[in-house]
Amino acid sequence: MTRFLLCTTAPLCLAVSAAAQQAAPPPEEDIFAGLVPVVTQSGGTALDPIVVGSGTDNVASDTPQSVSVISAEQIAREQPTTINDLFTSIPGVTAVGSERVLGQRVNIRGIGSSAEGDQNRLITRIDGVVKFYEQYRMGAIFTDPDLYRRIEVLRGPASSTLTGAGAVGGVIELQTREAADFLSGPEDDFGGRQKLSFGTNGNEALSSTVLAFRPAEGLEFLTAFTYRERDNYEDGDGEEVVGTNFDATAVLLKGRYSFGEGMAHSVFATYQNWASDAKQAEYAQTETFEAFGRVDRDVDDSLFVLGYDYNPPENDLIDLEVRLGYSDTEVIQENATNPLGIPSSLFEDAEYGYESWQLNVMNTSFLALGGTEVTLAYGFDASRQERVGEATSRKFPTTPPNGFIAFQPGGEDENIAVFAQAEIVTPFGLTIIPGLRYEWETLTPADNNTSFGAGDKVENEAFAPKIALLYEVTDAINVFGTYARTERLPVLDEVYDGSSGNLDLVPEKAETWEVGLSYSALDVFQSGDQLVGKLTYFDTDVENLIARATTSDPFVNIDDATYKGWELEVAYDSDLWFGSLAYARVRADGTDDGGPREPLEGIPADEVSVTLGTRLDRYDLELGVTGTYTWEQDRVPTGDETTDSYQVVDLFATWVPPVDLAQGVEVRLAANNIFDEAYKPALYLTDNARGRNISVSLALAF
């Protein structure tokens with residue numbers, strides 16, 4: 001707690017001083033954005049928001065794909081510790097591994113596991129830059145949820161066209177905060193927010209400071225700093241879950257300059273860093289077993305984006321976006337205890353990491369052809385990724401003199417892709433969205449790889465076409481269908497692993513059919529209310545799925561794997577009441593060499609989540625409850641553990657006092673798992689989830 005106080009004192013004093021000097025209206029987007037169905041200029045509403053990751057800015061109900069949007073208001077309400085905490089009420093999206101900040105992975109529609117790399121099957125992007133990390137018994141993404149204003153989850157491979165071939169499960173788009181979120185209007189030149197929060201289970205504490213500046217017209221800057229710490233939490237039985245303690249810092253710096261006629265030109269830069277220095281933490285952050293012992297682990301994750309946008313107001317053929325991104329994730333491990341004395345390079349002092357450069361160029365053209373409107377997005381991607389796994393000591397004779405770690409083979413992945421997607425809106429209510437992506441990939445092993453020579457390069461290519469149809473039955477009802485075929489290319493880990501690599505792997509081929517129904521209407525039961533919903537059925541068949549039976553077996557292409565399921569999202573909002581419902585059901589099985597079909601690993605349990613809430617304007621209060629019921633999961637491969645059903649109830653409350661009482665103040669309460677249920681989610685593998693936790697946050701906007 002001493003470190004927490006030291007980290008929060010200076011930012012808090014600055015925030016209070018700034019608030020005293022300048023009293024500005026609070027930012028609408030960040031703190032006071034509610035669920036009231038206000039129609040935006042783009043046509044979306046808070047319940048039916050604009051989806052930008054699908055290629056064309058459409059409201060969610062008009063997007064022929066299963067999508068969910070997590071707003072800044074939802075992030076603030078749920079007071080998450082990690083990004084995975086936000087996916088509880090998103091159908092088809094499940095946290096994998098554990099609640100440890102270094103053990104976070106995601107599963108979408110049954111795609112995603114802690115036991116093997118899922119690179120390309122699921123794509124996570126931060127401000128358009130792909131983020132991925134794979135290491136034995138470690139998580140895949142390291143960041144703080146308080147840095148984000150919006151998260152989009154696009155399920156299924158339809159997003160492969162614009163984001164990358166192989167996204168069988170889908171794409172998660174994270175958008176960091178903008179300076180405009182904290183400036184109440186175009187005339188404001190300074191604003192910000194100081195937030196403090198505390199959680200009872202594990203004594204979790206957070207300090208988050210955001211400052212926004214507009215020193216001149218068209219010029220904006222934002223700086224954000226968070227510090228978060230937690231002791232080991234307790235599960236519902238009151239048992240301490242060892243190794244769940246951590247402390248971490250996060251920094252976000254952004255700048256944007258817009259200029260020219262109609263501010264048609266815009267250049268911007270983003271820098272983000274997340275760091276955690278864990279002393280004698282559990283070695284295994286996923287599939288935790290005490291036999292692996294402890295280790296000093298220093299994690300440093302950085303992201304840099306340099307961008308240019310050009311959108312001349314009088315030219316519908318040009319809307320150019322250029323993004324140059326750099327991502328670097330580095331993990332330094334030292335002083336492993338190795339209680340069993342296992343002679344393995346697992347316990348060597350070592351350096352692990354991923355470093356990548358990414359270039360994305362896309363232009364969007366709009367054409368009006370009679371009564372038909374056509375929006376065409378096209379461009380190219382280029383990337384170079386370097387994977388590092390190198391022992392820096394020789395405690396055991398199994399480690400080669402050159403430091404090569406067999407289960408973390410280094411190498412380079414070079415990729416070039418071209419893509420095009422059109423949205424054709426006809427005058428009779430039919431929208432057609434064809435898309436095509438073509439990728440070339442070259443994999444090269446690291447020089448220190450003793451299992452594969454420098455000449456063992458692997459080249460592959462992927463072809464990913466799709467077609468989506470949406471028909472407007474009425475002003476409120478749409479029906480849609482999508483066919484997407486994508487190819488997931490083998491990755492460095494699967495090809496060059498010292499004991500499990502396979503140079504002869506062929507790309508996975510996935511075909512997905514989706515059909516669905518969406519509904520969105522205002523003034524349904526009373527004036528000013530809104531009801532939205534989307535029901536989706538999907539069927540994905542994967543040929544040549546890359547997998548292995550155990551961690552010591554080689555990677556092979558499995559004959560066939562099938563994933564099927566339903567997803568349902570419903571939300572309602574009025575002046576007094578609001579609520580939502582989310583349901584997901586996934587079934588999956590596969591066969592190898594034509595043998596009998598068996599359930600696949602990594603399939604989440606069926607789950608339904610219901611939220612009900614009310615606004616008491618007289619007291620400036622918003623109150624609500626969320627109940628989640630998860631069914632038993634006994635459809636597992638032979639020998640795997642089944643999990644029991646469970647139910648969790650959460651409460652939340654928000655108080656925004658009137659301006660004349662306390663301008664810019666917001667108080668939030670979140671009581672999670674209020675009945676202290678002891679349970680283990682199906683994809684947590686070993687850890688029980690956190691027991692009862694009561695979080696309180698105080699935010700001051702200025």
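**Exercise 1.** How many residues line the largest cavity, and which of them lie nearest its centre?

*Solution.* The model is a predicted one.
Step 1. Begin with the cavities as a set: the structure holds 9 of 30 Å³ or more.
Step 2. Turn to the largest cavity, which contains about 850 Å³ of space.
Step 3. Its lining consists of 48 residues, and those nearest the centre are N120, I123, V130, K131 and F132.

**Exercise 2.** Identify which strand gives the most to the lining of the largest cavity, and state how the lining divides by class.

*Solution.* 
Step 1. Strand 17, which spans residues 350–369, gives the most, with 6 residues.
Step 2. Sorted by class, the lining of the largest cavity comprises 18 nonpolar, 18 polar and 12 charged residues.

**Exercise 3.** In which sense, parallel or antiparallel, do strand 19 and strand 20 pair? Describe also the turn between these strands.

*Solution.* 
Step 1. Strand 19 covers residues 411–425 and strand 20 covers residues 430–445; their pairing is antiparallel, over 13 bridges.
Step 2. Within this pairing, T442 of strand 20 stands opposite E414.
Step 3. The two strands form a hairpin with 4 residues between them, and in the turn G429 has a positive phi of about 90°.

**Exercise 4.** Over how many bridges does strand 20 pair with strand 21, and which residue is the bridge partner of Y438?

*Solution.* 
Step 1. Strand 21 (residues 458–472) pairs with strand 20 over 14 bridges, in the antiparallel sense.
Step 2. The bridge partner of Y438 is F463, in strand 21.

Definitions and conventions: Residues are numbered from 1 along each chain as its sequence is written. This is a predicted model: local features need pLDDT of at least 70, side-chain atom pairs count only at pLDDT 80 or more; totals for chains, interfaces and linings use all residues. Side-chain values use heavy atoms; hydrogens and water are left out. Two strands pair if DSSP finds at least two bridges between them. On a 1 Å grid over the protein atoms alone, a cavity is a set of points where a 1.4 Å probe fits but cannot get out, and a pocket is an open set with protein on both sides within 12 Å along at least five of seven lines; lining residues have an atom within 4 Å of a point. Grid points are joined across faces, edges and corners, and a volume is the space filled by probe spheres set on the points. Ala, Val, Leu, Ile, Met, Phe, Trp, Tyr, Cys and Pro count as nonpolar, Asp, Glu, Lys and Arg as charged, and the others, Gly among them, as polar.
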